[in-house]
Amino acid sequence: MSDIVRRKIAVYDGQLVDPFTVTHLDGVFRIETIAHALCLDNRYGGHTSDVNGNPLAYSTAEHCLNVERVVSMRVSQWVDTITGTQPLKVMRLRREALFHDAPEAYLRDVLAPIKADELMLLYRDIEDRLNVEMRLWVGVPVDEHPFVKAIDVEIRGTEARQLFRVIHPQWESKLAPVIPGIQCGTMSPIEAKIAWLAKFWELFPNFKE
């Protein structure tokens with residue numbers, strides 16, 4: 001096997017993708033491929049369970065849907081208190097929320113403490129570059145909005161309390177309270193894929209691959 005082929009990964013649509021070099025101009029990215037991989041990418045290293053300790057999948061696709069839902073709820077409350085809304089900014093935030101973990105379709109979810117280690121610098125560089133290319137491709141700003149990032153961090157408290165039968169006190173002390181109206185671990189992979197795709201086309205109705 002050549003080094004060029006060895007660097008590539010086989011994806012859902014039949015392509016071989018090189019995550020080290022792919023760009024938004026290559027015509028490689030596919031929406032359904034992203035949704036398919038995200039719905040099978042388990043968060044928290046697969047250590048999630050129901051209250052009885054039985055395996056409970058929680059995919060990156062479902063996580064992104066939940067982040068988008070919270071962003072939408074918070075923005076709606078914010079807009080109601082302001083004279084003269086900014087619909088383009090609202091749509092930008094919702095789009096970014098749904099798409100914020102899209103690179104994991106090609107790189108997979110890596111547990112935060114591992115990703116943060118200095119030995120993972122190369123991985124983070126690859127992830128950052130791929131994130132920029134995918135954002136350019138889909139048309140969202142390349143710089144992560146602090147509002148979306150804050151909700152992505154806050155929602156961990158909701159996810160942990162709903163997806164872990166036991167939470168270590170040292171971790172629980174760092175978690176935000178549960179966000180009302182958000183339920184985690186409710187979707188099968190196919191349900192998460194269908195829901196993610198439906199939300200994508202709701203938010204990006206004019207997007208063309």
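**Ground rules.** I number residues from 1 along each chain as its sequence is written, and my side-chain values use heavy atoms, with hydrogens and water left out. As the model is predicted, local features need pLDDT of at least 70 and side-chain atom pairs count only at pLDDT 80 or more, while totals for chains, interfaces and linings use all residues. My helices are DSSP runs (H or I, at least four residues), numbered from the N terminus.

**Entry 1: helix α7.** I looked up α7, residues 121-138, and found 18 residues. From first C-alpha to last it reaches 26 Å, close to the 26 Å expected at 1.5 Å a residue; the expected span is 1.5 Å times one less than the number of residues. I then listed its buried residues: Tyr123, Ile126, Glu127, Leu130, Asn131, Glu133, Met134, Arg135, Trp137 and Val138. Buried here means under 20% relative accessible area, exposed over 50% and partly exposed in between, with a 1.4 Å probe and protein chains only. The buried residues of α7 pack against α2, α4, α5 (104-107), α6 (112-115) and α10, where contact means heavy atoms within 4.5 Å. Just after α7, Gly139 takes a positive phi of about 95°.

**Entry 2: α2 against α10.** How do α2 and α10 pack? I get an angle of about 140°, with the axes 8 Å apart. Axes are lines fitted to C-alpha atoms, for helices over the stretch in contact, and angles run from 0 to 180 degrees between N-to-C directions. That makes α2 oblique to α10; under 35 degrees counts as roughly parallel, over 145 as roughly antiparallel, 65 to 115 as roughly perpendicular, and the rest as oblique. On the α2 side, the contact includes Ile31, Ala35 and Leu38, and on the α10 side it includes Pro189, Trp196 and Phe200. By class I have 11 nonpolar, 1 polar and 2 charged residues. Nonpolar covers Ala, Val, Leu, Ile, Met, Phe, Trp, Tyr, Cys and Pro, charged covers Asp, Glu, Lys and Arg, and polar is the others, Gly among them.

**Entry 3: α4 against α10.** Next I took α4 (residues 87-99) and α10 (residues 189-203), which pack at about 155° with their axes 10 Å apart. They are therefore roughly antiparallel to each other. Met91, Arg94, Arg95, Leu98 and Phe99 of α4 meet Trp196, Lys199, Phe200, Glu202 and Leu203 of α10. I noted 6 nonpolar, no polar and 4 charged residues in the contact of α4 with α10.

**Entry 4: positive phi.** Most residues other than glycine have a negative phi, so I checked the exceptions. Tyr44 has a positive phi of about 60° although it is not a glycine. It is in the loop between α2 and α3, and at 14% relative accessibility Tyr44 counts as buried. Arg108 has a positive phi near 75° and is found in the loop between α5 and α6. Is Arg108 buried or partly exposed? Its relative accessible area is 31%, so Arg108 is partly exposed.

**Entry 5: Pro55.** I finished in the loop between α2 (31-39) and α3 (60-80), where Pro55 has its place. Pro55 is exposed, with a relative accessible area of 77%. Leaving aside neighbours within four places in sequence, Pro55 is in contact with Thr48 and Ser49. Pro55 and Lys115 are 60 residues apart in sequence and 24 Å apart in space, C-alpha to C-alpha.

Conventions: Helix = DSSP H or I, 4+ residues; strand = E, 2+ residues; numbered from the N terminus.
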